[in-house]
Each structure stands twice: as C-alpha cells, then as structure tokens.
Amino acid sequence: MVDILSLVDSGGQVKLEVTAGDLRHFAQMLIEQTRKEWEKERALARNEEPEEFLTTDEVCKIFNVCPATLWLWHRNGYLRHVKFGSKNMYPASAVKAITHARSLNVSVSGYCKQNATRQKGGAAV
C-alpha cells in the first residue's frame, strides 16, 4: 500500500481520493517527522544528545494511569509535558527518572518533593 507521503516524495502529479483516516495518518506522520527534526536541531544547538519524547498514550501505559492523571501531574509539576502542535509530549528522561524512583519504592509525590527540596536549597517545601 502506498501512503500519501510516498506519493508526495515521488513528485508525480496524481489525483487522489482519500478518506479521513488517510488524512489523519498523513498528519500524524508529518507531526512525528517534524518533531524528530525539531529534537535534532534543538540538540545540535545545545551540543547534546537529542531528547526523546513520549506520547500521552505511551506514558499512560508505562504508569498504568489515565490521561487525566497525567494532566494533574503536569499541573502539580510532577511530570511536565511539552506541546507539539496540539499534542502533549513527555520527556523520556523525566519518565525514566520517575520510573527509577518508583523502583526504589519512593512514591511519585515523594520523588517530586525530593526534587523540589533540592531545587530550593534543601529547605522543606
């Protein structure tokens, strides 16, 4: 099966009849491609490894929570997301840090309070 992006890349002039699902798939591919290019440019500007980002669905599966919980975590500063268009994307490094804290039997709120304490110079929050 040929997708819209392959047809655009081939440069041929073709008339298409597409479904809403085809357009959604095409838009998601463009967003993903743009996100990866943006990450690489950002990393090059900082001279560091490119940060990987996870989608809301991926993070929900990792923590076994619903999107509303992730939104509350963002509002409370536990796990901040970054907007890519209309999508919320989560830094893989932050997800990994929370996962590591959980593996040490430290609650997510405990982990975040520890980080907040370190940021405030050791004073209790």
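**Figure 1. N64 in the loop between α3 and α4.** In this predicted model, N64 is found in the loop between α3 and α4, where helices (H or I, at least four residues) and strands (E, at least two) are DSSP runs numbered from the N terminus. N64 has a positive phi of about 55° although it is not a glycine. With a relative accessible area of 72%, N64 is exposed; the classes are buried under 20% relative accessible area, exposed over 50% and partly exposed in between, for a 1.4 Å probe and protein chains only. Residues are numbered from 1 along each chain as its sequence is written, and side-chain values use heavy atoms, with hydrogens and water left out. Because the model is predicted, local features need pLDDT of at least 70 and side-chain atom pairs count only at pLDDT 80 or more, whereas totals for chains, interfaces and linings use all residues.

**Figure 2. The packing of α3 against α4.** Two packed helices are described by the angle between their axes and the distance between the axes. Helix α3 (residues 56-63) and helix α4 (residues 67-76) have axes that come within 9 Å and cross at roughly 95°, the axes being lines fitted to C-alpha atoms, for helices over the stretch in contact, with angles that run from 0 to 180 degrees between N-to-C directions. On the α3 side the contact (heavy atoms within 4.5 Å) is made by T56, V59, C60 and F63, and on the α4 side by P67, L70 and W73. The residues of this contact of α3 with α4 divide into six nonpolar, one polar and no charged, where Ala, Val, Leu, Ile, Met, Phe, Trp, Tyr, Cys and Pro count as nonpolar, Asp, Glu, Lys and Arg as charged, and the others, Gly among them, as polar.

**Figure 3. The packing of α3 against α5.** The axes of α3 and helix α5 (residues 92-103) lie 11 Å apart, and the two helices pack at an angle of about 5°, which means that α3 is roughly parallel to α5. From α3, the residues V59, I62 and F63 meet V95, I98, T99 and R102 of α5. By class, the contact of α3 with α5 has five nonpolar, one polar and one charged residues.

**Figure 4. Y90 and its surroundings.** Y90 lies in strand β3 and, at 2% relative accessibility, counts as buried. The C-alpha atoms of Y90 and L54 are separated by 5.0 Å, although these residues are 36 residues apart along the chain. Leaving aside neighbours within four places in sequence, Y90 is in contact with E52, F53, L54, T55, T56, V59, L70, L79, R80, H81 and V95.

Figure 5. Helix α2 (residues 20-46) has 27 residues and reaches 39 Å from its first C-alpha to its last, close to the 39 Å expected at 1.5 Å a residue, a span taken as 1.5 Å times one less than the number of residues. The buried residues of α2 are R35, E39 and A43, and these pack against β1 (53-55), β2 (82-84) and β3 (87-91). Just after α2, N47 takes a positive phi of about 55°.

Conventions: Angles under 35 degrees count as roughly parallel, over 145 as roughly antiparallel, 65 to 115 as roughly perpendicular and the rest as oblique.
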